[in-house]
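Subject: Structure for your review

Dear colleague,

I am handing over the structure we spoke about, and my notes on it follow below. Please keep it open while you read.

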Amino acid sequence: MTAVQSGDTAIRVETAASVLDVPPGEWEQISSGCGLYVSRPWLASLESDRDHVPHYLLARDADGRILGALPTYHVPSPGPKSFYNPYFVFGAGGRLGGGPLLLVGTKAGYTTRIPVRQDVTPQTADRIRMALLTAAMDLGAELGVAVVALQYLTAAEAETALPHLPDALLLSAAPDSVVELPRAAGADMDDFFAEQGPNRRRMMRREMRRFTREGYTTSTASLGECYERIAPLFANLIRRHRGGDSPMVDYLRRQAQHLDSLATTYLVHREGELVAFSLFYTWEDGIYARLYGELGEDPGERGNIYYNTAYYVPISDFVGQGGTRISYGPEAYRAKFNRGARPEARWSALVPLRDGAAWREAAHGWTERRLAEWNAEFGQEERLRLEPSEPGTTGLSVSGGDR
C-alpha cells in the first residue's frame with residue numbers, strides 16, 4: 001500500500017486483484033464519463049486472459065472513500081506482435097530485444113483514461129493522479145519489469161499524467177477513428193449523408209444500393225444468442241489478416257458473460273447463410289465498434305459486405321436511436337475515413353526501468369517521422385491532418401480536438 005499526504009487529504013493506494021473485488025457502486029463513482037474501456041463490465045471481461053496478471057490500484061481517503069483507480073497489467077512475456085507491446089509498436093524490439101511490461105490503463109480498446117471522481121477540486125484530482133501513478137511506478141519496480149507503459153492516452157489524459165512521470169518518453173500512438181452522428185431531433189441517414197462531401201455521399205449511396213440489390217439482409221441479435229455462430233467468421237478474418245488459428249469461442253463467451261446487455265450484433269445473411277457480422281457496445285453516450293467477421297476468402301469485394309455491415313447498417317441504426325458518436329479504433333483508416341470518420345489523437349507514455357539510454361535513442365524522432373508519414377498519406381484533406389502542437393510537451397494534435 002502507498003500512502004500520500006496531499007494537502008489536507010491523506011490518500012492511500014491499495015491493490016485489488018479483480019475489479020469485481022471493488023464493492024458494487026464504488027467503481028461507478030469514479031468511472032462515470034470515462035468511457036467503456038474503464039467500465040466495470042469491460043474490465044471484468046478481460047481478466048481471464050492468460051497473458052497478464054491484473055492489479056487494480058485504488059486510491060482512497062482516510063475514511064475509505066474511493067477517490068480514483070488505475071487498472072494495471074503485469075505482462076511477463078508480451079506477444080511479439082501485440083499492439084500493446086511497445087517494443088513492437090515503436091520498432092525497438094530489434095535494438096532492445098524485449099522484456100516484461102507493466103501496462104497502465106488499457107490493455108484492450110486503444111484508449112486510456114484515468115478514472116478520478118468528479119466531485120473533487122482540480123487540485124485534489126491532480127494529487128489523486130499523482131498518487132496512482134507513483135504507485136504504478138512502484139509496482140513496476142517491485143515486479144521487475146523493463147518498461148511501464150501507458151498506451152493510447154487521450155490528449156487530455158497525457159496532459160494531466162505527464163507532470164507526474166518526469167522520466168517518460170511521450171510518443172504518438174495510433175489515433176482512434178471517430179464518426180460523429182447528427183444530433184438534431186429526429187435525425188436520419190439523410191442527415192448523416194448531408195454532412196459528407198458530395199463525392200463521398202454518392203459513393204456511400206451507391207454501396208448501399210448494391211448491397212440491397214445483391215440480396216443481402218440484416219438483423220440484430222444479442223451477443224449471448226449468437227456468439228457461437230459468429231466465432232468462425234471472426235476467426236476467419238483474424239486468420240486471413242494476422243495468421244494463426246483460434247476458434248474465438250472462448251473469447252466471445254467471456255464478452256457475452258459480462259457485456260451482453262451493452263451489445264448489439266448485426267448479422268448479415270444471403271440466401272439463408274450467415275456471411276458477415278459486426279459487434280458494437282453502447283456505454284453512457286458512446287458507441288464502440290469492436291468486432292467484424294466474414295465468411296470466405298474475401299466476400300467484402302462482392303456486394304460491399306464490409307462497408308455495409310461495419311458502417312452503413314449500424315450507423316443508420318444508431319442515428320435513429322439518437323447516438324452521438326461511434327469510436328471505430330485504429331487500423332483500416334482509409335476505409336473508415338471514406339465513410340465519414342475523422343482521427344482523434346492518442347499518445348503513449350513509456351517509462352523505461354532499464355535500458356533508458358537505448359530507449360531514448362530508439363524513440364528519438366518517432367513523433368516527427370509519424371507526423372510526416374501520416375500527412376503524406378492522409379493530409380491532403382484538412383480534417384484528417386495531424387498538426388504539431390505544444391500543450392506543455394511536443395506532440396500531435398488533431399483537427400476537431402479530443403474527448
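To begin where a helix ends, helix 11 is followed by Gly322, whose phi is positive, near 85°. Before going further, please note that this is a predicted model, in which local features need pLDDT of at least 70 and side-chain atom pairs count only at pLDDT 80 or more, while totals for chains, interfaces and linings use all residues. Residues are numbered from 1 along each chain as its sequence is written, and side-chain values use heavy atoms, with hydrogens and water left out.

Helix 11 itself covers residues 305–320; helices (H or I, at least four residues) and strands (E, at least two) are DSSP runs, numbered from the N terminus. Its 16 residues should span 22 Å at 1.5 Å a residue, and the end C-alpha atoms are 21 Å apart, which agrees; the expected span is 1.5 Å times one less than the number of residues. Among the buried residues of helix 11 are Tyr311, Tyr312 and Pro314.

Ala332, in the loop between strand 12 (325–327) and helix 12 (333–337), has a positive phi of about 50° although it is not a glycine, and Ala332 is partly exposed, with a relative accessible area of 42%. Asp355, which lies in the loop between strand 13 (342–352) and helix 13 (356–363), likewise has a positive phi, near 60°, and a relative accessible area of 39%, which makes Asp355 partly exposed.

Strand 13 is covered on both faces, with Trp347 among the buried residues on one side and Arg346 among those on the other; in total, 11 of its 11 residues are buried. Strand 13 pairs in the antiparallel sense with strand 6 (residues 147–153) over five bridges, two strands being counted as paired if DSSP finds at least two bridges between them. In that pairing Leu153 stands opposite Trp347. Eight bridges also join strand 13 to strand 7 (residues 169–180), again antiparallel, and there Ala173 has Arg346 as its bridge partner.

Strand 9 (residues 263–270) has seven of its eight residues buried, so it is largely enclosed by the rest of the structure. Strand 9 pairs antiparallel with strand 8 (residues 216–221) over six bridges, with Thr217 opposite His269, and antiparallel with strand 10 (residues 273–283) over eight bridges, with Arg270 opposite Glu273. The hairpin of strand 9 and strand 10 has two residues between the strands, and in it Glu271 takes a positive phi near 55°.

Finally, the largest nonpolar core holds 62 residues, of which Trp27, Leu36, Trp42, Leu223 and Tyr281 touch the most other members; such a core is a set of buried Ala, Val, Leu, Ile, Met, Phe, Trp, Tyr and Cys residues joined through side-chain atoms within 4.5 Å. Its largest share, nine residues, comes from helix 9 (residues 223–242). Apart from this core lies another, of 39 residues, including Met189 and Tyr328.

With best wishes

Terms used
Buried < 20%, exposed > 50% of the residue type's maximum accessible area, 1.4 Å probe, protein only.
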